[in-house]
Amino acid sequence: MAETKEERDLTKGNQLQQNKVRTQSQATLTNALERVRQVARRNKDERFTALWHHVYDIDRLRENYYAQKRNSAAGVDGQTWQEYGLNLEDNLQDLSSRLQRGAYRPKPVRRQYIAKDDGRQRPIGIPVLEDKIVQRATAEVLNAIYEIDFMGFSYGFRPGRNQHNALDAVSVGISSRNVNWVLDADIRGFFDSINHEWLIKFMEHRIADKRVIRHVRKWLKAGVLEDGVKTVAEKGTPQGGSISPLLANIYLHYVLDLWADQWRKQTAADDTIIVRYADDFVVGFRDRDDAFRFQDELSERLAKFGLELHKTKTRLIEFGRFAAGSRRIKGQGKPETFTFLGFTHFCSKTRKGRFTIKRKTSRKKLGAKLQEIKAILRRAMHVEVTKVGKYLRSVLLGHYRYYAVPGNHGSLKAFRYAIYLMWRRTLRRRSQKDRFSHRRMRNLATRWLPEPHILHPYPSQRLCVRT
């Protein structure tokens with residue numbers, strides 16, 4: 001699948017010659033990891049003893065510095081991307097030297113909180129810039145090995161894969177196979193429940209370089225700084241770190257993916273499909289007995305490694321091409337729906353009467369986003385109309401980029417109309433005299449609120465091209 005590459009501006013004060021050097025070194029870095037990748041592909045049992053020199057390579061550290069976001073919040077040391085770049089080469093030389101001689105010490109992450117859809121606060125961590133650079137470089141090197149090992153049905157936080165690839169796999173899998181039951185599963189507090197010792201044991205199946213293992217342990221034990229108090233967690237991955245998604249995938253690869261793949265080959269009586277994105281996954285079955293047996297054995301499997309299914313978010317439902325007829329005979333009404341990656345999936349039919357799966361924006365996600373926009377509009381009641389219009393335009397375009405899938409046009413229209421009404425209500429309240437006519441509001445909407453258009457192809461088309 002074609003991938004676009006973001007072009008970034010040079011840091012202020014850097015010479016144009018540096019960009020040329022970076023371009024040349026990138027090919028060298030790629031070739032070095034390609035050799036690692038070839039060895040991993042030839043021998044699935046190979047344990048790599050010399051990887052750390054790829055991490056502290058100056059060119060790799062420089063590339064990963066430029067890959068960081070310019071406006072990211074600073075960690076506990078207060079150092080920003082711009083400040084680090086003022087003396088970039090000396091800073092990178094010093095960092096490489098510390099990594100090489102074992103003097104590098106990660107700093108604790110700074111904790112902040114963001115609001116979740118259910119009203120609770122989700123804790124996030126902000127590492128210092130150097131930790132971000134080193135973790136990203138380490139993940140880049142380890143990906144050369146683990147991208148060979150990871151299963152095809154794993155889509156979360158992997159190069160060249162995204163949410164829409166997982167969504168396409170779910171739709172095509174259920175539509176093309178004899179799937180009658182769907183298990184929509186979620187692991188409770190997964191990123192905070194990862195057992196450190198099990199994770200290290202899993203990594204040692206492939207990684208024999210003690211320096212890599214030692215630094216992973218350092219990141220796991222770096223701790224969190226909140227209100228001046230440092231706490232070190234006995235479980236979980238470093239929040240906000242570049243290495244966390246890879247560590248999570250490694251953990252689930254050994255705990256879930258390999259076991260589930262073996263289960264469907266040796267235990268399942270018939271068709272079984274699996275699609276996983278991070279800790280959220282969907283499993284489809286033909287037989288009801290297979291579905292219940294898998295759910296029971298899955299709970300036991302996860303418990304061995306300190307994990308458990310989220311009871312309220314894990315559901316086993318009758319879903320598929322024969323679900324409507326089966327439930328009609330039993331007098332149970334329409335097939336139930338399930339939500340995966342922000343979309344509610346439901347059984348439907350085409351104009352020719354063929355079974356199909358349709359998707360619409362999750363009501364929970366839609367409501368949470370509208371509440372967020374409503375609060376922002378209330379605070380920006382007296383802000384210049386042009387500035388508010390630019391903000392709402394960016395919100396709509398971002399929403400369309402993710403949710404504009406075939407069959408979801410109605411939800412997109414409803415989202416735009418809800419924003420239209422909220423903006424009009426806000427503008428009418430700017431003065432005691434309501435002089436904001438419908439005609440004027442329609443003119444503003446025409447200019448700043450773009451109409452929705454379907455941007456994504458049908459799942460079968462995109463999955464066919466990608467495969």
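Is Ser411 buried or exposed in this structure? Ser411 is buried, since its relative accessible area is 16%, where buried stands for a value under 20%, exposed for a value over 50%, and partly exposed for what lies in between, as found with a 1.4 Å probe and the protein chains only. The structure is a predicted model, in which local features need pLDDT of at least 70 and side-chain atom pairs count only at pLDDT 80 or more, whereas totals for chains, interfaces and linings use all residues. Residues are numbered from 1 along each chain as its sequence is written, and side-chain values use heavy atoms, with hydrogens and water left out.

The chain as a whole may be described next. Its secondary structure comes to 18 helices and 11 strands, these elements being DSSP runs numbered from the N terminus (helices are H or I with at least four residues, strands are E with at least two). The radius of gyration of the chain is 25 Å, close to the 23 Å that the globule rule gives for 467 residues, so the chain is as compact as a globular protein of that length; the radius is taken over C-alpha atoms, and the rule is 2.2 Å times the number of residues to the power 0.38. Along its principal axes, the C-alpha trace spans about 65 × 65 × 45 Å. Of the 467 residues, 48% count as buried. Among contacts (heavy atoms within 4.5 Å) between residues at least 6 apart in sequence, 71% join residues at least 24 apart.

Individual positions illustrate how separate parts of the chain meet. Ser411 lies in helix H16, which covers residues 409–428, and, when residues up to four places away in sequence are not counted, Ser411 touches Lys360 and Thr361. Ala185, placed in strand E3 (residues 181–186), counts as buried because its relative accessibility is 0%. With residues up to four places away again set aside, Ala185 touches Asp279, Asp280, Phe281, Leu309 and Thr314, while its C-alpha atom is separated by 39 Å from that of Gly389, 204 residues apart along the chain. Asp287, in the loop between strand E7 (280–285) and helix H12 (288–303), is partly exposed, with a relative accessible area of 28%. Apart from neighbours within four places in sequence, Asp287 is in contact with Trp181, Ala269 and Asp270; from Val179, Asp287 is 108 residues apart in sequence and 8.0 Å apart in space, C-alpha to C-alpha.

The backbone angle phi was also examined. Most residues other than glycine have a negative phi. Ala278, although not a glycine, has a positive phi of about 60°; Ala278 is found in the loop between strand E6 (272–277) and E7 and is buried, with a relative accessible area of 7%. Leu341 has a phi near 55°, again a positive value in a residue other than glycine. Leu341 is found in the loop between strand E9 (338–340) and strand E10 (343–349), and at 15% relative accessibility Leu341 counts as buried.

Grid points are joined across faces, edges and corners, and a volume is the space filled by probe spheres set on the points. The second largest pocket holds about 490 Å³ of space, and among its 16 lining residues Thr350, Thr356, Ile357, Tyr458 and Pro459 lie nearest its centre. Helix H7 (163–176), strand E11 (355–361) and helix H18 (459–466) each supply at least two residues of this lining, with E11 giving the most, 5 residues. By class, the lining of this pocket has 6 nonpolar, 6 polar and 4 charged residues (Ala, Val, Leu, Ile, Met, Phe, Trp, Tyr, Cys and Pro count as nonpolar, Asp, Glu, Lys and Arg as charged, and the others, Gly among them, as polar). The structure holds 1 cavity of 30 Å³ or more. The largest cavity has a volume of about 70 Å³ and is lined by 13 residues, of which Ser72, Ala73, Trp81, Leu129 and Lys132 lie nearest its centre.

Definitions and conventions
On a 1 Å grid over the protein atoms alone, a cavity is a set of points where a 1.4 Å probe fits but cannot get out, and a pocket is an open set with protein on both sides within 12 Å along at least five of seven lines; lining residues have an atom within 4 Å of a point.
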